[in-house]
Amino acid sequence: MKLKTIIAAVFLTLSITSLVSAQLQLNGAGATFPAVIYSKWFDEYKNMTGVQFNYQAIGSGGGIKQVTEGTVDFGATDGPMNDQQLAELKSKRGTDVLHIPTVLGAVVVAYNLPGINGLNLDGSTLADIFLGKVTKWNDASIKKLNPKLNLPDKYIVVAHRSDGSGTSFIFTDYLTKVSKDWESKVGKGTSLNWPVGLGGKGNDGVAGLVKQTEGSVGYVELAYAVKNKISYADMKNKAGNFVEATFTSVSAAAEGAAKNMPADLRVSITDADGKNSYPISGFTWLLVYKNMKDEAKAGALVKFLKWAMGKGQSFAMDLYYAPLPKAVVKLCEKNISTITANGKKIK
Amino acid sequence: MEKQRIKKISDLGNIGDLIFEKLTLLFAVSVFLLVLLMGYEMYSGSKLSIDKFGWSFLVNSTWDPVLEIYGALPIIYGTVVSSFLALIFALPLSIGVAVFLAEVAPPWLEKPLSFLVELLAGIPSVIYGLWGIFVLVPWIRSDVEPFLSDKLGFLPFFRGAPYGFGLLAAVLILALMVLPIISSITRDILKSVPRSQREAALALGATRWQTSLIVLKDAKSGILGATMLGLGRAIGETMAVTMVIGNRALISPSLFDPSYTMASVIANEFTEATSEMYLSALIQLALVLFVITIIINALAQLLVWSMSRKWKTA
């Protein structure tokens with residue numbers, strides 16, 4: 001507990017020093033995956049309005065903790081907070097917290113099979129590979145999905161993330177949905193007890209394992225795979241089509257999920273409906289207090305969020321994120337308009 | 001008059017000495033307090049996990065953040081085995097380097113070589129890690145592991161698929177990182193052995209080899225201290241190890257298999273640990289690492305102490 005007080009004290013001094021400069025400054029902390037687009041957004045927005053955002057990419061877990069302790073003005077996470085965490089936050093801070101999706105990320109299945117391109121996979125086979133049940137590339141289940149490919153008689157080397165990560169969360173959330181076996185044996189989370197394979201630190205760690213090891217398969221963020229030209233498999237979606245991960249097919253998944261989205265927008269969109277939906281994708285969220293105490297800050301944050309939902313989305317593709325589909329933007333805007341400052345509506 | 005002045009000076013001197021004494025005492029005590037405080041903070045931070053798992057934390061081998069079951073045995077095993085094996089590789093090499101630098105090398109060669117060894121100690125560990133991924137691991141996979149499993153495959157230590165990533169890569173990279181620390185300290189210790197020792201040995205007709213042995217014997221306790229510093233670095237090393245070790249909590253006799261160390265687990269999982277129990281278990285892991293480090297250092301102190309006593313009586 002003492003540690004937390006120290007951290008709180010450090011942040012307090014930081015915010016005091018920021019008060020000295022007349023500029024309005026908002027502090028945030030959390031997920032690393034969206035940090036690139038957030039810093040672009042904050043930069044653009046500062047040039048336009050003079051409002052300064054200070055974002056620390058300390059990881060989703062850290063973001064949730066800071067928001068719960070009230071040491072930041074907003075947080076960010078790749079996996080939604082669970083009910084227990086929400087209840088704890090409410091009892092500590094006296095207000096609810098809103099999940100506002102900002103952009104979409106996707107996870108691709110990268111493989112290293114020299115001379116083989118255009119591999120197709122489906123959920124249950126992927127789960128069996130990561131469970132260690134399918135051990136060879138010429139296994140009947142993989143052959144059935146790829147009748148045209150000449151798959152080698154080689155052992156499959158599985159690579160996964162060793163650090164806790166939102167990427168692992170999206171990936172295992174998908175496997176949990178498509179495989180009962182995976183659900184009962186491993187489950188979903190940011191860190192897991194992997195049944196087989198080697199662990200690499202970060203996207204680059206997993207990509208390094210896959211690139212160097214013949215016959216390996218691993219998962220990395222779509223943005224990372226595109227930037228580094230890694231070959232990845234087309235995945236069979238719920239509608240039965242094999243879909244390549246692209247920014248459009250990821251946005252399509254969000255569109256497919258938008259119809260039955262809960263009001264608080266805490267939702268997983270893996271294995272989504274829609275014939276063009278890529279099945280392993282997910283939102284990343286900003287965590288915003290529903291009722292803020294500082295009116296100036298609340299006003300600035302709401303304005304920023306509205307801007308991010310509109311103009312801000314146009315920056316997404318250039319930075320390798322999938323933008324939110326229109327249907328989801330509408331839902332977000334509805335939630336943003338419910339934010340209050342000391343109980344009063346924000347103009 | 002004269003007497004008074006002297007008295008004044010000595011009074012002043014006494015006050016100065018007093019302040020000096022108390023001040024240094026304060027510094028010394030603060031180090032001790034800091035260690036106590038760290039231990040206490042880790043204990044209180046891991047209370048939740050200690051209450052739930054107790055001693056089973058040390059002997060259970062499942063580390064499952066999803067089901068919230070935490071057992072650290074394979075991780076402790078990975079830490080201890082990788083560090084000690086690294087030491088076994090590094091120690092003879094380091095002593096060889098140190099003896100050459102202190103006893104054999106001519107001055108024009110000693111200066112640049114010593115500089116290089118010290119440079120090796122200053123390289124950031126992430127660079128060792130990158131070098132490990134791009135140079136060491138491919139080499140281990142294509143040459144070392146096939147060779148070992150071919151010639152020594154009847155032993156359980158050299159079985160399994162040659163991934164390259166795994167315990168062997170971690171041991172080699174740790175040995176490389178520990179080597180400059182042990183050898184540069186050992187060289188300094190050898191140099192501090194009085195010249196008269198060497199002269200006496202040479203005068204009695206000892207060869208260079210025998211003289212070096214005598215000097216090494218004199219420096220025994222210092223070399224042990226250097227070794228312990230090296231071991232401390234190996235146990236606490238995080239970045240380079242996690243980049244090449246394969247990161248799987250697994251107890252396997254084979255050096256080819258992936259493994260995991262305590263420092264790596266903490267560095268990997270701390271940022272995204274959201275539940276209280278998970279955090280608590282990670283802090284408990286830190287506590288275990290802390291205690292292991294203290295035990296090793298205490299043992300080293302005991303060894304040095306008993307050795308120096310033996311010499312006094314001899």
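Trainee: In which sense do strand E9 and E10(A) pair, and over how many bridges?
Mentor: Strand E9 (residues 234–236) of chain A pairs with E10(A) in the antiparallel sense, over two bridges. Strands pair if DSSP finds at least two bridges between them. Strands here are DSSP runs (E, at least two residues), as are helices (H or I, at least four), numbered from the N terminus.

Trainee: Before I go on, what sort of model is this?
Mentor: This is a predicted model, in which local features need pLDDT of at least 70 and side-chain atom pairs count only at pLDDT 80 or more, while totals for chains, interfaces and linings use all residues. Residues are numbered from 1 along each chain as its sequence is written, and chains are lettered from A and ligands numbered from 1 in the order in which they are written.

Trainee: Back to the strands. What stands opposite Phe242(A) in E10(A)?
Mentor: Lys236(A) does.

Trainee: And what is the strand order of that open sheet?
Mentor: The order is E5-E9-E10 in chain A, three strands with mixed pairing. Strand E5 (120–121) and strand E10 (242–243) of chain A are at the edges; each has a single partner strand, so one side of each has no neighbour in the sheet.

Trainee: Now helices. At what angle do H11 and H13 of chain A pack?
Mentor: Helix H11 (residues 247–258) and helix H13 (residues 326–336) of chain A pack at about 60 degrees, with axes 8 Å apart. Axes are lines fitted to C-alpha atoms, for helices over the stretch in contact, and angles run from 0 to 180 degrees between N-to-C directions. That angle makes H11(A) oblique to H13(A). Under 35 degrees counts as roughly parallel, over 145 as roughly antiparallel, 65 to 115 as roughly perpendicular and the rest as oblique.

Trainee: Which residues make the contact?
Mentor: Ala254(A), Glu255(A) and Ala258(A) come from H11(A), and Ala327(A), Val328(A) and Leu331(A) from H13(A). Contact means that the C-beta atoms, placed from the backbone, lie within 7 Å.

Trainee: How is chain A divided?
Mentor: Into domain 1 (2–104 + 280–345) and domain 2 (106–259), with bounds from an automatic or database domain assignment. Their C-alpha centres lie 31 Å apart. The contact takes 21 residues from domain 1 of chain A and 21 residues from domain 2 of chain A. On the domain 1 side, H3, strand E11 (281–289) and H13 of chain A each give two or more residues.

Trainee: And how many residues does the contact of chain A and chain B take?
Mentor: 30 residues from chain A and 25 residues from chain B.

Technical notes
Contact = placed C-beta atoms within 7 Å.
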